[in-house]
Amino acid sequence: MAKTLSLSRNVPKPFFSAAVDAFWASEPQTVLHGDPHFGNLWFEGDQPGFLDWQVAIAGAGARDVAYFATLSIDSDLRRDIERGLVERYAAGLAAAGFDEV
């Protein structure tokens with residue numbers, strides 16, 4: 001029987017949490033929705049928006065993008081489109097005048 005590696009079993013949670021938190025804290029900060037999944041999404045014409053801002057926080061914008069993609073897009077489809085999504089996100093930031101994308 002093959003052995004599996006469980007990250008939560010082999011890496012102490014406080015270390016893992018601290019490292020992840022430190023990474024996100026080192027990134028440029030913005031307002032995050034905090035719970036951006038498909039159930040909190042609405043459209044007005046072709047413009048999307050998010051409902052339910054009760055857990056809004058400050059953090060790295062990519063965190064909401066990653067959270068939404070993970071929870072709202074089927075894994076097989078996400079693998080096929082993720083590079084294009086990231087490139088589109090980066091292009092949108094650059095078009096809005098952000099230097100470091």
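Predicted model: local features only at pLDDT ≥ 70, side-chain atom pairs only at ≥ 80, totals over all residues.

**The hairpin**

Next, select Asp52, whose place is in the loop between strand 3 and strand 4 (57-60). Phi of Asp52 is near 65 degrees, a positive value in a residue other than glycine. Asp52 is partly exposed, with a relative accessible area of 34%; buried means under 20% relative accessible area, exposed over 50%, and partly exposed in between, with a 1.4 Å probe and protein chains only.

**The whole chain**

Zoom out and colour by secondary structure: the protein has four helices and four strands, and from the N terminus on its elements run α-α-β-β-β-β-α-α. Helices (H or I, at least four residues) and strands (E, at least two) are DSSP runs, numbered from the N terminus. Of the 101 residues of the protein, 15% count as buried.

**Aromatic pairs**

The structure holds two aromatic pairs. Select Phe23 and Trp24, which form an edge-to-face pair, 5.1 Å centre to centre with 65 degrees between the planes. Rings of Phe, Tyr and Trp (its six-membered ring) pair if their centres lie within 6.5 Å, and planes under 30 degrees apart count as stacked, over 60 as edge-to-face and the rest as tilted. Phe23, at 44% relative accessibility, counts as partly exposed, whereas Trp24, at 19%, counts as buried.

Now select Phe50 and Phe68, whose ring centres are 5.8 Å apart and whose planes are at 80 degrees, so this pair is edge-to-face. The pair links distant parts of the chain, with Phe50 in strand 3 and Phe68 in helix 3 (residues 61-72), 18 residues apart. Phe50 counts as partly exposed at 27% relative accessibility, and Phe68 is partly exposed with a relative accessible area of 21%.

**The salt bridge**

Move to helix 4 (residues 75-95), where Asp76 and Arg79 both lie, three residues apart, about one turn of the helix. Asp76 forms a salt bridge with Arg79, the closest N and O atoms being 2.8 Å apart; the term stands for a side-chain nitrogen of Lys or Arg within 4 Å of a carboxyl oxygen of Asp or Glu. A search of the whole structure finds one salt bridge. Asp76 is exposed, and so is Arg79.

**The largest pocket**

Finally, display the largest pocket, in which about 1,600 Å³ of space lies. Of the 41 residues that line the largest pocket, the closest to its centre are Gly61, Asp64, Val65, Leu85 and Tyr89. On a 1 Å grid over the protein atoms alone, a pocket is an open set of points where a 1.4 Å probe fits, with protein on both sides within 12 Å along at least five of seven lines, and lining residues have an atom within 4 Å of a point. Grid points are joined across faces, edges and corners, and a volume is the space filled by probe spheres set on the points.

Note on methods:
Residues numbered from 1 in each chain as written. Heavy atoms only, no water.
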